[in-house]
Amino acid sequence: MIDAFASWMLQFGALSWLGTTPATILAMSLVAVAIFIFVALNALVLVYVERKVSAFMQVRLGPMRVGPMGTLQTVADALKLLLKEDIIPRFADPILFRVGPWIILLASFVAFAAVPFSPGWVPADMSIGLFYVVSISSVVVIGIVMSGWASNNKWSLYGAMRSAAQIVSYEIPVGLSLLAAVAVVGTLNLQEIIAAQAGVGNLFHWIPIPFPNWYIFHSPFLFLAGCIYLIAATAEVNRTPFDIPESESELVAGFMTEYSGIRWALFFLSEYANAAVVALLTAIVFLGGWQSPFADLAGARFGMISLTVLALIWTIFVKYKVKRLSIYPIGTILALTVIAWLFPAFAIWLATPGLVWIAIKGGVVIFLLMWFRWTFPRLRVDQLMYLSWKVLLPIALINLAGVAVWMWLTGAISLVG
Amino acid sequence: MPMVNLSLIILVLPLISFLFQIFFGKRLEHKKGEWISIALVLTTLLLAIIMFAQMLFDYQPDFRQEASINWVNLGQFQIEMGVLVDNITIIMLVVVALISSLVHLYSVEYMKNDVRYSRYFGFLGIFTFSMYGITIANNLFMIYCFWELVGLSSYLLIGHWWEKKSAADAGKKAFIVNRIGDIGMFMGMMVVATVAGTFNYQVLFERIASGAWAAGVQGLFGGVDPNTLLTWAGVLIFMGAIGKSAQFPLHVWLPDAMEGPTPVSALIHAATMVAAGVYLTVRIFPLLTPDAMAFVALIGGFTAFFAATIAITQNDLKKVLAYSTVSQLGYMIMALGTGAYVAGFFHLVTHAMFKALLFLASGSVIHMMHHSLTKLNDHHTDAQDMRNMGGLRSKMPITYAVFFIASLSISGIPLFSGFLSKDAILAGTWSYAAHIHDGWLAQAHLGWILPFFGFGAALITAFYMFRLIFMTFHGEPKRKDIFAKMHESPKLMTIPLMVLGALSTFIFFTLPSFNPLGGKSWFQTLVKQPETVVPMGAFDSEGFAHGLHLAHYPAMYTSLIVAGVGIGLAVLIYILKEIDPAKMAQRLGILYRGSLNKWYMDEIYLNGIIRPFLKGCDAIAYFDMEIYDHYVIDGVGRRVKALATGTGIADDLVVDGAVNLVGIIFQWLGWTFKFVQTGKIQNYLIYVLIGVLMVYLINVF
Amino acid sequence: MNHLESYLILSALLFSLGLYTVITRKNGVAILMGIELILNAANINFVAFSKFVTHQVEGHLMAIFIIMLAAAEAAVALAIILNLYNDQGNINVDEADALKR
Amino acid sequence: MSEVIFWVIWVLVVISAMIVAYSKNLIYSVFSLLATFVGVAAIYIFLNADFIAVTQIVIYVGGILVLLIFGIMLTNRIAVAKINQSSFQTSLGMVVVGAVFVILVITILGQSWPVLAESMDFDSTVGKIGTLLFGDYLILFEVASILLLGALIGAATLARKEL
């Protein structure tokens with residue numbers, strides 16, 4: 001993408017005086033800046049969304065005062081953080097205290113380098129993209145430990161050590177569940193993984209109901225792998241119910257206890273950037289990335305079925321609880337369904353550009369993460385380790401073997417020559 | 001998914017059930033684990049039914065899928081592990097899966113208070129696994145492996161209540177008697193492997209048909225007639241079937257096997273495992289020569305008649321059914337021997353249904369008898385003895401109804417499944433006797449002995465089955481106290497009974513035609529008699545088929561008359577009481593006593609074989625222990641010991657002295673050098689590095 | 001950057017620094033860090049030769065095995081160091097000379 | 001441009017490795033090891049070894065470095081953020097290691113390496129490494145897995161309090 005961007009700039013009249021190398025550097029910087037803006041905006045938006053979602057789940061309103069529906073609340077908060085006094089505790093280690101948050105932010109920022117947002121829209125199209133993203137997200141742990149140690153505070157240190165143990169443990173189920181999908185597709189390149197999920201086929205390749213060829217519908221085992229990935233990834237980004245590194249009731253704020261102001265904001269940026277990476281990776285590996293599920297006629301049929309089901313669910317479950325909210329969405333969905341039944345061409349038209357689809361899918365996953373956060377109680381440290389090593393790891397291992405067996409059964413691979 | 005893959009999944013699931021029950025069964029919360037086994041075996045049933053439906057949709061008599069891998073590679077000779085799926089396999093899979101599933105369900109209630117509950121289900125699992133293995137094997141070697149596994153699981157299940165000495169003994173007896181047959185089978189396999197160089201059915205048949213067999217015999221044994229050797233090979237492999245299917249003279253284990261739990265009897269000793277012998281004979285059918293077939297037919301026919309005569313006088317509910325099973329297995333074997341291939345396999349299927357039903361229904365009666373005996377605190381009365389029953393019809397209506405259906409079926413009354421298959425077998429014997437002139441049986445003009453055995457056994461069968469029903473369910477209750485406490489079995493036991501009862505009617509077997517007398521059913525279309533491959537003097541199958549056509553109606557009428565006479569006799573004796581059975585017994589004298597004591601077969605074996613054998617063993621043991629060990633072995637030992645003592649003295653002085661000297665020298669050296677050691681590894685590392693540098697410098701300059 | 005020598009010199013530097021760490025440090029974990037430096041130096045050599053001399057990926061394979069070995073070695077070594085700490089209250093390797101005494 | 005980046009990383013690796021070797025503060029040593037590892041990973045990218053680079057980050061940074069930090073934290077009575085460490089035989093070590101380094105440099109520069117003319121540009125090494133790992137080197141792979149299992153069990157057994 002960077003090379004394409006650079007050559008485009010060279011063809012562009014006003015910039016044609018640039019040489020190849022400066023153009024490449026300029027393109028790189030622009031992409032980096034764009035990603036940084038994305039990360040910053042992402043945090044702003046997600047903080048707002050999180051507050052609103054939590055408010056709705058607790059049947060209250062959430063931020064309402066600053067801006068329409070409280071939309072500018074997070075901007076105000078960000079401004080406040082930027083203007084706060086920069087405090088470094090006297091007995092802290094000054095260098096590490098300063099460097100730690102930057103390492104965390106850098107790690108979560110760099111992970112975006114391999115994420116494809118749309119066909120061709122990937123900052124660096126690596127042949128080992130998936131592995132790269134997984135590996136880079138493990139660098140975060142060093143930053144956390146660094147900040148925790150440098151704070152010279154026992155809560156910080158406990159938080160950091162818990163976090164390190166947690167991230168290292170949960171990397172294994174994450175890796176194994178992603179490996180299950182990699183075993184099916186046979187490549188680590190994220191673009192190719194998405195491309196392999198194009199089109200519409202049978203559910204689990206067997207049951208004759210039209211479903212998109214997304215890997216979560218590829219086989220029961222990959223469905224399980226998706227679930228394992230979501231659980232383990234939630235733990236890897238330290239979100240509730242796995243947020244013991246920063247659990248308020250025990251450790252004040254864990255490794256960020258001593259931080260305030262701009263550095264604290266960095267932690268927040270990276271936390272939401274990590275959540276976004278996890279959501280995007282789930283969307284890419286298990287939900288078909290930027291592929292539209294309605295890309296052809298069969299897909300349109302799938303769309304109709306799913307819309308009908310959604311409308312039914314909405315009618316049955318939501319309508320009786322929140323009466324006010326029910327009329328417009330259900331009307332829209334029902335209208336869409338009717339139109340889609342009548343004019344399949346319209347449903348095909350729904351196959352909008354990839355950026356929108358990946359945003360929708362990522363948004364759904366992020367909503368799931370928030371849902372987890374506001375529904376499940378926090379786990380204890382030992383329960384957390386138990387879950388990783390004695391529940392998720394064995395299931396993921398057996399699941400991996402199950403994927404192989406499934407591939408053998410469906411004839412994708414064969415043992416006897 | 002190809003059928004082969006499906007059948008492999010079917011094979012593996014019960015094994016998982018077995019492993020699960022053995023390793024985790026006991027740890028589960030009280031008696032919850034059986035549902036995993038049941039779920040697994042029901043899954044196999046579902047898959048088998050999918051295969052069955054596929055077969056019916058295709059409607060291909062020649063359907064056949066085979067896949068195999070090399071297992072043991074011995075250069076020219078290779079043993080393979082493989083799967084063969086054809087229509088016979090699929091039908092057999094469905095039968096096994098169905099009976100096994102129903103028995104699993106039934107056992108939940110029947111074995112409710114058993115101490116080794118999870119083990120029981122585990123053993124059912126391994127039995128089902130090995131039975132599937134026999135069913136889908138594509139070669140003799142693999143079938144032999146699973147054959148032995150089946151024997152093992154039968155042994156384990158017969159001896160399930162090993163606290164009872166009789167049960168433990170019955171298990172051992174079954175195991176040992178089966179081994180005798182299996183030795184024959186193994187020898188047969190070795191003959192086949194030596195001459196034909198393969199175990200695979202298809203390859204074997206092709207080699208026999210193409211003359212490679214004759215060439216092989218010529219090369220190996222010179223003057224031997226290849227046909228004679230083929231006869232011997234067939235008879236020897238058939239020995240395995242004699243053991244497993246309880247044919248005379250190896251039938252003695254099956255009645256004793258009734259010591260196992262009744263569902264086990266239904267599954268293993270009535271419906272599936274004992275039918276494995278018949279299945280094996282079906283598989284090797286193309287290579288049987290007319291002589292071998294005559295042998296098979298004679299064994300089967302004699303067993304059918306012989307076992308039926310014993311069943312008349314037994315008073316134990318399950319013993320009657322056991323001898324009836326032996327008799328019916330004899331029918332199947334006889335049918336195969338006479339060339340009525342389809343009829344034999346057909347009888348296997350119908351018999352599996354109604355005999356499993358009979359056993360499960362008798363299990364229902366016995367279970368309830370136990371129940372009421374426990375309530376009465378009576379531990380001496382035999383719950384299986386028919387002389388304690390009577391009149392149960394009113395207390396157990398469902399059990400009675402299905403029992404009656406099964407009895408009609410086994411007696412060969414129209415509208416029931418047994419009629420179809422039995423009639424086909426009897427017509428086959430008739431045709432064999434009338435139209436076949438090959439094989440020593442026909443050449444000795446003894447062909448008509450087979451119809452005699454067949455119709456005689458049919459008469460006796462109808463008689464003893466109705467005797468059983470009348471003694472158990474009709475008349476006055478003989479023990480009022482027990483009778484008062486009886487009631488119908490719980491749902492989990494009656495539902496399998498009803499399913500099997502439905503399957504004992506004609507309708508499932510005559511489709512797509514609804515003719516209760518047969519017609520062109522799916523079974524006769526899909527199960528096709530294979531071409532015989534015997535190159536010279538093959539069985540005259542065309543003549544046989546022609547004869548079958550002619551014999552169809554006479555045989556049917558005769559069998560109906562015969563069955564009617566049998567039932568009528570039973571009614572006369574046990575309902576109308578026109579004839580007193582005790583007087584009859586006295587008048588028949590030696591015949592009655594012989595039948596009651598199973599024609600003294602066990603005694604003959606005990607005094608004629610086992611005791612002389614043990615005496616011989618004692619004599620050999622005496623020679624070995626007292627003479628050989630004492631003089632030869634111990635004598636050598638004493639001399640060697642003396643020699644060793646001498647050597648030991650020399651060793652201590654000379655050799656050890658030298659060794660110790662070396663040790664002392666190095667001890668001194670070590671004491672001298674130990675002061676170089678500082679205990680700090682990093683110091684040593686620097687020494688090493690300095691050494692490396694010096695080596696480098698020496699090399700350079 | 002397209003000279004084999006630049007990589008080899010880097011590898012030699014890392015090796016020497018690792019060796020120095022191993023020789024002079026008293027702290028067990030610090031020594032472990034030195035060992036990791038040495039292993040990294042070896043890996044750089046393998047990969048560099050694989051690019052410049054053999055044109056095969058066998059060198060990469062060796063590097064992978066070395067990395068794996070390093071992981072196993074680090075785990076076991078740290079377990080040993082923890083035992084040392086439990087035994088003598090610190091992890092100075094020069095004090096662990098019970099074998100001599 | 002990449003030439004410049006290469007030398008920057010080269011210098012970064014060397015400086016951070018020097019901090020590892022010479023720093024009085026153990027914590028600085030271990031955190032500058034992070035820079036060394038990441039720098040070496042970048043060097044691998046210059047060597048067209050993308051898979052090795054990422055493996056380096058996963059295992060060294062995500063695994064070994066965390067283990068080392070844990071080792072430090074578990075074996076010190078933590079009161080201040082700085083952990084001093086002492087060295088011994090520094091001058092002797094310096095001389096000997098310096099000599100080794102000099103010999104190495106002489107050897108490297110004095111040798112005429114059989115460098116092949118055309119440069120090797122794999123588009124991806126993953127497929128080749130995978131084929132080799134599960135083909136020619138399968139036995140080595142299996143042995144390595146047994147080694148890892150042994151190390152796992154050994155480490156767990158050794159680290160238990162009641163040995």
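A polar contact is a pair of N or O atoms within 3.5 Å; within protein, one of the two must be able to donate a hydrogen and the other to accept it, and residues adjacent in sequence count only if both atoms are side-chain atoms. By this rule, eight residue pairs are in polar contact between chain D and chain C (both at pLDDT 80 or more).

The model is predicted: local features need pLDDT of at least 70, side-chain atom pairs count only at pLDDT 80 or more, and totals for chains, interfaces and linings use all residues. Residues are numbered from 1 along each chain as its sequence is written, chains are lettered from A and ligands numbered from 1 in the order in which they are written, and side-chain values use heavy atoms, with hydrogens and water left out.

Contact means heavy atoms within 4.5 Å. Buried area is the accessible area (1.4 Å probe) that two parts lose on being put together, summed over both.

| Interface | Residues in contact | Buried area | Share from carbon and sulfur atoms |
|---|---|---|---|
| chain D and chain C | 82 residues of chain D, 69 residues of chain C | about 7100 Å² | 78% |
| chain B and chain C | Eight residues of chain B, 11 residues of chain C | about 770 Å² | 63% |

Of the area that chain B buries against chain C, Gln677(B), Lys680(B) and Gln682(B) supply 54%, more than any other three residues. Two residue pairs are in polar contact across this interface (both at pLDDT 80 or more). The side of chain B that touches chain C has three nonpolar residues, four polar and one charged. Here Ala, Val, Leu, Ile, Met, Phe, Trp, Tyr, Cys and Pro count as nonpolar, Asp, Glu, Lys and Arg as charged, and the others, Gly among them, as polar.

The elements of chain D that give two or more residues to the side touching chain C are α1 (2-22), α2 (26-46), α3 (50-74), α4 (90-110), α5 (126-133) and α6 (138-159). Helices (H or I, at least four residues) are DSSP runs, numbered from the N terminus. The residues on this side of chain D divide into 58 nonpolar, 18 polar and six charged.

**A helix pair in chain B**

Helix α8 (residues 212-221) and helix α9 (residues 226-244) of chain B pack at about 100 degrees, with their axes 9 Å apart. Angles of 65 to 115 degrees count as roughly perpendicular, so α8(B) and α9(B) are roughly perpendicular to each other. Trp213(B), Ala214(B), Val217(B) and Phe221(B) of α8(B) make the contact with Pro226(B), Leu229(B), Leu230(B) and Ala233(B) of α9(B). The residues of this contact are eight nonpolar, no polar and no charged.

Key
Axes fitted to C-alpha atoms, helices over the stretch in contact; angles between N-to-C directions. Parallel < 35°, antiparallel > 145°, perpendicular 65-115°, else oblique.
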